[in-house]
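Student: I would like to go through this model with you. Could we take it one region at a time?

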Amino acid sequence: MSARRFQLVDVFHSGPFSGNPVAVVLDSKGLTTEDMQRITRWFNLSETTFLLPPDTPGADYRVRIFTLDRELPFAGHPTLGSAHAWRLAAGSDKTEVVQQCAVGLVHVRFDGDRPAFAAPPLVRKGPVDAAKRSEIIEVLRIEPNDIVSVEWADNGPGWVLVELASADAVLAVDPLRYLDRRVEIGLVGAHPTGHETAFEIRALFSDATGGIIEDPVTGSLNASVAQCLLADGRATAPYVAAQGTRLGRAGRIHVSQGENNIWIGGETRTLFSGTGSF
């Protein structure tokens, strides 16, 4: 057993305990894949990350990202939490860090306590087929004409994006609690003009046993939402999105657009830190 530092980081928060927590294990050398999965299940958060020395030139660190049942190539709030924790542990004042993960190099820039990652390219986009559309209607327990649009918006986790007529319509969705096949569904609906946030976001996905659960705040989904909405003029940047409302959270996602990148950011801070022996 080795002494390993860790941090519990609140990402996309708008106040204490209002965002999405991620556990970041800072000293992960020597841990096997099985070890990492077991530790993730013990923390019992939506994701736990494990930081390692990089093996690609230009990266500041390498990260492996685990959910309770699998490893992900990329995820948004674990990326921001990992970058924040690495920077804090290293005593670094760098305003941009480079994360190595399974999708390649991801740039994270800092504006005070608000890191932002450059949205990775979509690996799948475009219309879904009739069978997938029917599955989504079944899972969301809505009528076909409730859907404004539905499309692939996958940047790693497998998201399908469903646009509804309004933020209220998004918040009213009461999905199935179980399905015998995996789903990853993102919902988006616009708030009225003048609201503090432009859009309401919800993320619904399958757990290891087939249960359908909701994520408090989801960086990867917000990245793909921004890419889809900005591409065809359904949104203009900068904007702020809300997520986690149905769960009693107040997540806030800040979206901006540069010349070459879309940036997904949020207030991030370490709430707990310590050392474990494992």
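Student: Is Glu47 buried or exposed?

Tutor: Glu47 is buried, with a relative accessible area of 8%. Buried means under 20% relative accessible area, exposed over 50%, and partly exposed in between, with a 1.4 Å probe and protein chains only. This is a predicted model, in which local features need pLDDT of at least 70, side-chain atom pairs count only at pLDDT 80 or more, and totals for chains, interfaces and linings use all residues. Residues are numbered from 1 along each chain as its sequence is written, and side-chain values use heavy atoms, with hydrogens and water left out.

Student: What does UniProt list for Glu47?

Tutor: The unreviewed UniProt entry lists Glu47 under "active site". UniProt positions are given in the numbering used here, feature names are shortened, and annotations may be inferred rather than shown by experiment.

Student: Where is Glu47 found, and which residues does Glu47 touch?

Tutor: Glu47 is in the loop between helix H1 (33-43) and strand S3 (48-52). Helices (H or I, at least four residues) and strands (E, at least two) are DSSP runs, numbered from the N terminus. Not counting residues up to four places away in sequence, Glu47 touches Val22, Ala23, Ile65, Phe66, Thr67, Leu72, His77 and Pro78. Contact here means heavy atoms within 4.5 Å.

Student: Which residues of H1 are buried, and what covers them?

Tutor: Asp35, Met36, Gln37, Ile39, Thr40 and Phe43 are the buried residues of H1. Their cover includes strand S1 (3-11), strand S2 (20-25), S3, strand S4 (61-66) and strand S5 (71-72). After H1 comes Asn44, with a positive phi near 60°.

Student: Turning to H2, how many of its residues are buried?

Tutor: In helix H2 (residues 76-90), 12 of the 15 residues are buried, and the helix is mostly covered. Among the buried ones are His77 and Pro78, both of which Glu47 touches. H2 reaches 21 Å from its first C-alpha to its last, close to the 21 Å expected at 1.5 Å a residue; the expected span is 1.5 Å times one less than the number of residues. Gly91 follows H2 and has a positive phi near 65°.

Student: What about Asp60: buried or exposed?

Tutor: Asp60 is buried, with a relative accessible area of 18%. Its place is in the loop between S3 and S4.

Student: Which side chain makes a polar contact with that of Asp60?

Tutor: The side chains of Asp60 and Lys94 are joined by a polar contact of 2.6 Å. A polar contact is a pair of N or O atoms within 3.5 Å; within protein, one must be able to donate a hydrogen and the other to accept it, and residues adjacent in sequence count only if both atoms are side-chain atoms.

Student: Now strand S11. Why is it largely enclosed?

Tutor: Strand S11 (residues 160-164) is largely enclosed by the rest of the structure because five of its five residues are buried. Val160, Val162 and Leu164 lie on one side, with Leu161 and Glu163 on the other.

Student: How many bridges join S11 to S10 and to S12?

Tutor: Five bridges join strand S10 (residues 147-154) to S11, and the two run antiparallel. Four bridges join S11 to strand S12 (residues 184-190), and these run parallel. Two strands pair if DSSP finds at least two bridges between them. Val150 has Val162 as its bridge partner in S11, while Glu163 stands opposite Val188 in S12.
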